[in-house]
Structure formats: C-alpha cells, structure tokens
Amino acid sequence: MFTLSNEKVRHFWAGVRAELPLLVGVFPFGMIYGALALSAGLSKSAAQMMSSIVFAGSSQFVAAQLIHESAPGLVIVLTIAVVNLRHMLYSASLAPYIASLSTRWKTLLAYLLTDEAYAPTILHYERNGVQPFGHWFLLGAGLALWSTWQASTALGIFLGAAIPDSWSLDFALPLTFIAMVVPVLKGRPYIAAALSAGTVALIAHALPFKLGLILAALTGIAVGTVLEGWEARKGGAL
Amino acid sequence: MNIWLVMIFGGLVTFGMRFSLIYLFGRFQVPETMRRALHYVPPAVLSAIIFPELFLSDGVLDVSLSNTRLLAGLAAILTAWFSRNTLITIVAGMAILLTLQYWM
C-alpha cells in the first residue's frame, strides 16, 4: 500500500486541472462515438467496452466504421495499429521522465497515454523536469480523461439508441472523418496524401478482405512522405 | 473474427505501442523517416475511408447529381474548411443529406 502524501495529491490535482479544458472537447466527441458505434451495428456493451479496451478516440471511430462494413478482423486490428502508431512517439518522448518507475507504474501510465493526456504531461515535464511523484500528474490527467471518455460514451449510447434508423445516422461517421481530415490538410504533401489514398481506395475497393483500405493508406503515407522530402530538398522555394 | 477478439487485439496493439518505448528506453530510437511518415497517417487512412463512402453507391462509381451522399459530403468538406468545427460539420452534412433525400 502507498500512503497519499501531500506531494502526490498536489501533482495529481495539477494533472486533473490541466486536463479540464481538453475535456470540454472530449465529452461531445465521446458522445458522438457512442451514438455512431450503435448505428454502425455494435452492441451497447461492445460499444462501451471498446472505450475502455482500446481507449483511443479516432481509432475507435475507424474500427466502428470497418465493423459496419463487415471488414475482416485482421484488417480492423491492422488499421487500429496504423491509426495509433503515433502513440509510439509519445511513448518515446515520455520514457526518459518515467524511466525510474516500477514496471507496474509504467504499465498503468502507458495504458492512460492518449493524445489528450500526453499533451499537458509533456509540457509539465518540460517545464518542471523530473520531480518526486511528478508521475502523479500524468495519473491525474489520464484518469480525468479516462472517466470522461467512459461517461460520454455511455451517454452517447443512451441517446443514440433513441435515434431511428431512417435518419441515416451511419453517414455521420464519414462526416466525422471529414471534420477530422480537412483541418490537417495544411500543405501540398498532405493534400496529395489524402487524394492519392482516396483514389487508390476507389480503384482497389473490390479487393478481398478490405485490403484496398490498407493499400490506399500505405500509398497515401508514402506519397506524403516522399513529397515532403522533395519539397524540403528544393529548399521550400515554391 | 469475433468482434470481442478484434477489440482485445486492437487494445493489446494500442497498449503495446504506448508501452513499447517506455519499456525499451535507451535501447531504441524512432527513425526520422517514420517520424515524418506518421504525419500522413490521418489524411491517408481517413481519406481511404471517406472516398468510397462518397463516390460509390452499391459498389459502383457514381459521380452524378443523384448521389446524395457525394453532394452532402462535398458540402461537409466546405463546411469543415471554413468552420474547423466537428459538430457543425456533422450537423451541416446530415441536414443536407436528409434534405436531399427528402426532395429526390
């Protein structure tokens, strides 16, 4: 058992407080996920459990869409992996600050390491360095986000169940993706990545096992990366 | 594959990536190319999902004015561009789709 010293409590609540402004955006997002997961054909319990088992917003939306299209399980797992690959960067970036913790702590903090928990935590570490019990900040931010995500999913499921099928709510899922993708199109490599991935997805949609999706995603990632390299070599003259 | 298995494997993969470099600290560095490639994951994956949803009806390419999902989707892209707001984009896209479906 550990005792709760003042320092632990102080760091924990600092983490919760730093997370609060982010929760304002997370709550409606969780509700939309809950409602859309139902309309995509997930059961209420599966929709809710996905929020605690996978616990990664955008990949849950993508998984719900692929379940709706009856994609094979392996393709869904692969797509979740590609969408969540960025978490390896967060993992690398936090590693030096929590290197001295026990494996049990590292496991718990890794489970809570989402975009929204990483952002305030890394700022906190960069400002204050490693302090005794500094990791309680991430615990506070992570748990605040975790409970908000579970609660908003549940409320979304509750409200989603009341919406009739004739409202074509399944279309809200691609609309959510449009809302996510348009703001990141901030340069030619990004636009080229989006257009090439979309075009390959159309050409290859008839491939078995939804492999067209994986092929399209890899094409877009390659096109964007190569183009960025070219533009960098040209010295950004254009 | 059963949906619960998909979620458990999806969760394990996600946790594994979050845990990986915390665990391997000092033994592995993320290569620069991968760091750069990661920026293109969202536009690539999401567009690969969006395009077929808008352009195909029943698996066939349909670029016509009777394709209500394409029209509503294009309107949503414009809405997202100017509003930069998820909720407004979804509401506008759904409203346009339902209106078009009602009139056509």
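Rolling a probe the size of a water molecule over the atoms shows where empty space is left. In the predicted model, the largest pocket holds about 1,100 Å³ of space. Its lining is made up of 40 residues, among which A:Ser58, A:Arg86, A:Asp115, A:Glu116 and A:Met180 are the closest to the centre of the pocket. Helix 1 of chain A, which spans residues 6-39, contributes the largest share of this lining, with six residues. When the lining of the largest pocket is sorted by class, 26 residues are nonpolar, eight are polar and six are charged.

For the second largest pocket, a volume of about 400 Å³ was computed. The lining of this second pocket comprises 23 residues, and those that lie nearest its centre come from both chains, namely A:Glu69 and A:Lys210 together with B:Pro52, B:Glu53 and B:Leu56. Two or more lining residues are given by each of helix 11 (211-233) of chain A and, on the side of chain B, helix 3 (41-55), strand 1 (56-57) and helix 4 (68-83). Of these elements, helix 3 of chain B provides the largest share of the lining, which amounts to five residues. By class, the lining of the second largest pocket consists of 11 nonpolar, seven polar and five charged residues.

One cavity of 30 Å³ or more was counted, and the largest cavity contains about 50 Å³ of space. The residues lining this cavity are A:Thr79, A:Val82, A:Leu213, A:Ile214, A:Ala217 and A:Leu218 from chain A, together with B:Val45 from chain B. The elements that supply two or more of these residues are helix 4 (73-83) and helix 11, both of chain A, and helix 11 of chain A accounts for the largest share, with four residues. The lining of the largest cavity has six nonpolar residues and one polar residue, whereas no charged residue is found there.

Two packed helices are described by the angle between their axes and the distance between the axes. Within chain A, the axes of helix 2 (residues 44-53) and helix 8 (residues 135-160) come within 9 Å and cross at roughly 165 degrees. Because angles over 145 degrees count as roughly antiparallel, helix 2 of chain A is roughly antiparallel to helix 8 of chain A. The crossing of these two helices of chain A is right-handed. On the side of helix 2 of chain A, the contact involves A:Lys44, A:Ala47, A:Gln48, A:Ser51 and A:Ser52, and these face A:Trp146, A:Trp149, A:Gln150, A:Thr153, A:Ala154 and A:Ile157 of helix 8 of chain A.

The crossing of helix 9 of chain A with helix 4 of chain B is right-handed. Helix 9 of chain A takes part in the contact through A:Leu175, A:Ile178 and A:Ala179, and helix 4 of chain B through B:Gly73, B:Ala76, B:Ile77 and B:Ala80. Six of the residues in the contact of helix 9 of chain A with helix 4 of chain B are nonpolar and one is polar, with no charged residues present.

Methods
Residues are numbered from 1 along each chain as its sequence is written. Chains are lettered from A and ligands numbered from 1 in the order in which they are written. This is a predicted model: local features need pLDDT of at least 70, side-chain atom pairs count only at pLDDT 80 or more; totals for chains, interfaces and linings use all residues. Side-chain values use heavy atoms; hydrogens and water are left out. On a 1 Å grid over the protein atoms alone, a cavity is a set of points where a 1.4 Å probe fits but cannot get out, and a pocket is an open set with protein on both sides within 12 Å along at least five of seven lines; lining residues have an atom within 4 Å of a point. Grid points are joined across faces, edges and corners, and a volume is the space filled by probe spheres set on the points. Ala, Val, Leu, Ile, Met, Phe, Trp, Tyr, Cys and Pro count as nonpolar, Asp, Glu, Lys and Arg as charged, and the others, Gly among them, as polar. Axes are lines fitted to C-alpha atoms, for helices over the stretch in contact, and angles run from 0 to 180 degrees between N-to-C directions. Angles under 35 degrees count as roughly parallel, over 145 as roughly antiparallel, 65 to 115 as roughly perpendicular and the rest as oblique. A crossing is left-handed if the near helix is turned anticlockwise from the far one by less than a right angle, and right-handed if clockwise. Contact means heavy atoms within 4.5 Å.
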